[in-house]
Amino acid sequence: MRGLLLRKLPSALLVLFAASVLVFGVLRLVPGDPAAVLAGPDAGPEVLAAVRARLGLDDPLPVQYLDWIGGLLTGDLGPSYVIGGETADLITDGLGATTELTLGALLFAVLIGGTLGILGATARRPWTRGAVRSLTTAALAVPPYVSGVLLVLLFAVLLGVLPPGGRVPLLTAPDLGVQYLLLPALCLALPSAAVLGRYLEDSLRRALAEDHVRTATAAGIAPRRILWRHALPHALPPVVTLLGIQTGHLLGGAVLVEAIFAWPGLGQLAEQALVRRDYPVVQDLLLLLVAVFVLVQLLSDLVHARLDPRIRWE
Amino acid sequence: MTSTLPAPAATGEKAARRPRHPYLTALATARGRTGLALVGLVVLAGLLAPLLAGHPPTDQSGLTLAPVGTPGHPLGTDDLGRDLLSRLLYGIRADLGIIAAAVPLGAALGCLLALAAAAHPAADTAVQRLFDLILAFPGLILALAVTAALGPGRLPVVLVIALAEIPVFGRLLRTGILAQRGREYVTAARVGGSSGRRILTRHVLPNAADPLVVQIAVSLTVAVFLEGAMSFLGVGVRPPEPTLGAVLSQSMPHLAQAPHFAAGPLVTVTALVLGLSLVAEALNREIRR
């Protein structure tokens, strides 16, 4: 386990470092002077110079880079000039909303994926299996913005039971918050639910064909008990690993789902910062998102190794 | 594939002389045909856009949010009074242009890098790290990063899709080459005196190519997805030019009054993506047999 960590960690850190240089470099290549954007079109040369000094734009590039990384590591991100407020506060608020959305989607993915997987593996009628198969194919193929528009049309426009977008924090008003969370979380969860369902179906079918399950059947144990106590525990490890990978996908997909449902998370913050050219915030956010993604991948590698000893010695 | 039943005489003899290419067999299955038909319909609509559309896609008429079946506007009009049928058709055209440029570009670059990686271990390490770096930016974050530098537009969309596809194709081909190079027939060819280049082009590459063909179909669906996602994030092709994603994202605020606004792109994107998935699945099944 530790050996694997020692092997994986350097390459993850290397990727992070390269990504930080890339993000930093790309935003320095942007045509136009960020100071001019901030100061507005009417600013005179002395105002511009003051803004440049405040942003540290006159320092040599390596110094600017180190200042930025140092700030990130100590949690001192500085103020956001265009959007207003402290960058750290903006990111904390967005992170809360995105986490809420991602966890909601994870719950949906497990519930729907689990149901589909168990149904697909245990159903006797061919058409039930066919229906499960078609459902997962459709959920995998259709882009989230198509399912998002369909969900809004069905639940917000036609039935009028759920709001079409926006957010009420779950912790301040749970009953109202759930209503706002349902549609975006469902939309984000669909592709992951389909992947989980297919994996579970496959894994469960193999577990049900094993000898100990036949022995249990011969001993007269009820089919439901066999499923939950004997087959499912065997089928779960690969699915748990997949869940880790899917969490990474959910974080990436959240950016889009937030845009569809006007959910004020990190994705919306990134979009807003980009449109309003608040480059320091864009820079912090991009690196943060990449860091979270790399971390989730590293964690799922470790979980996989924990569950499957063969990986450790590869 | 050995059959003990005598095949029907006419077609059987032909088939015996020239076995059909597995890709064609795959596309002739029910799955493959349905997929091809769906994709074909959408492509045809895009190609014939100038003939089928009654209005230019950016012309504004006085009628805003006109319903389906309005004279002169069969699919109605949008919030600015533009004809929805023509925006849909030209949107398909724009999407097809983008994905037809971006996916082959990404595939070609990825394959070139994989070939470079196959040439030397040092190059292999460098290429692998490059793929890791690109993959550290999940698709949409990559889109945000690229548009942060280039601004929104058609070129950044193409670039984002191509960039996202580079490691996908690169890794596939690299694994394929490595797997084939260890096979005995390659050793046999080398012992027989074939040059390295001939072994690569005549023996290794043709056998490593199958997964790439399937991946092209999959990547086309990813490209449709990315184009639409970038429009929703406000970093896609610049308005007023229509794309499937752009029309759909413009319809969002008007869904309550005018659900038909979204209908055209919804049906089209679904048909295109489902069709491509069916083709990919048909190819995959045939190749894995």
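**View 1. The annotated domain of chain A.** UniProt, in an unreviewed entry, lists residues 95-300 of chain A as "domain: ABC transmembrane type-1"; UniProt positions are given here in the numbering of this structure, feature names are shortened, and annotations may be inferred rather than shown by experiment. This is a predicted model, in which local features need pLDDT of at least 70 and side-chain atom pairs count only at pLDDT 80 or more, while totals for chains, interfaces and linings use all residues. Residues are numbered from 1 along each chain as its sequence is written, and chains are lettered from A and ligands numbered from 1 in the order in which they are written. Over residues 95-300 of chain A, 84% is helix and 0% is strand, and the end C-alpha atoms are 21 Å apart; helices (H or I, at least four residues) and strands (E, at least two) are DSSP runs, numbered from the N terminus.

**View 2. The side of chain A that touches chain B.** In this view 36 residues of chain A are in contact with 34 residues of chain B, where contact means that the C-beta atoms of two residues, placed from the backbone, lie within 7 Å. Elements of chain A that give two or more residues to this side include helix H1 (2-29), helix H10 (223-261) and helix H12 (279-307), and the largest share, eight residues, comes from H1(A). By class, this side of chain A has 32 nonpolar, three polar and one charged residues; Ala, Val, Leu, Ile, Met, Phe, Trp, Tyr, Cys and Pro count as nonpolar, Asp, Glu, Lys and Arg as charged, and the others, Gly among them, as polar.

**View 3. The annotated spans of chain B.** In an unreviewed entry, UniProt places "domain: ABC transmembrane type-1" at residues 92-280 of chain B, a span that is 83% helix and 0% strand, with its end C-alpha atoms 21 Å apart. UniProt also places the feature "transmembrane region" (unreviewed entry) at several stretches of chain B, among them residues 35-53 and 155-173. Residues 155-173 of chain B are 100% helix, and their end C-alpha atoms lie 26 Å apart.

**View 4. Helices H8 and H10 of chain B.** The axes of helix H8 (residues 154-181) and helix H10 (residues 196-208) of chain B come within 8 Å and cross at roughly 130°; axes are lines fitted to C-alpha atoms, for helices over the stretch in contact, and angles run from 0 to 180 degrees between N-to-C directions. H8(B) is therefore oblique to H10(B), since angles under 35 degrees count as roughly parallel, over 145 as roughly antiparallel, 65 to 115 as roughly perpendicular and the rest as oblique. Residues making the contact include B:Leu173 and B:Ile177 of H8(B) and B:Val204 of H10(B).
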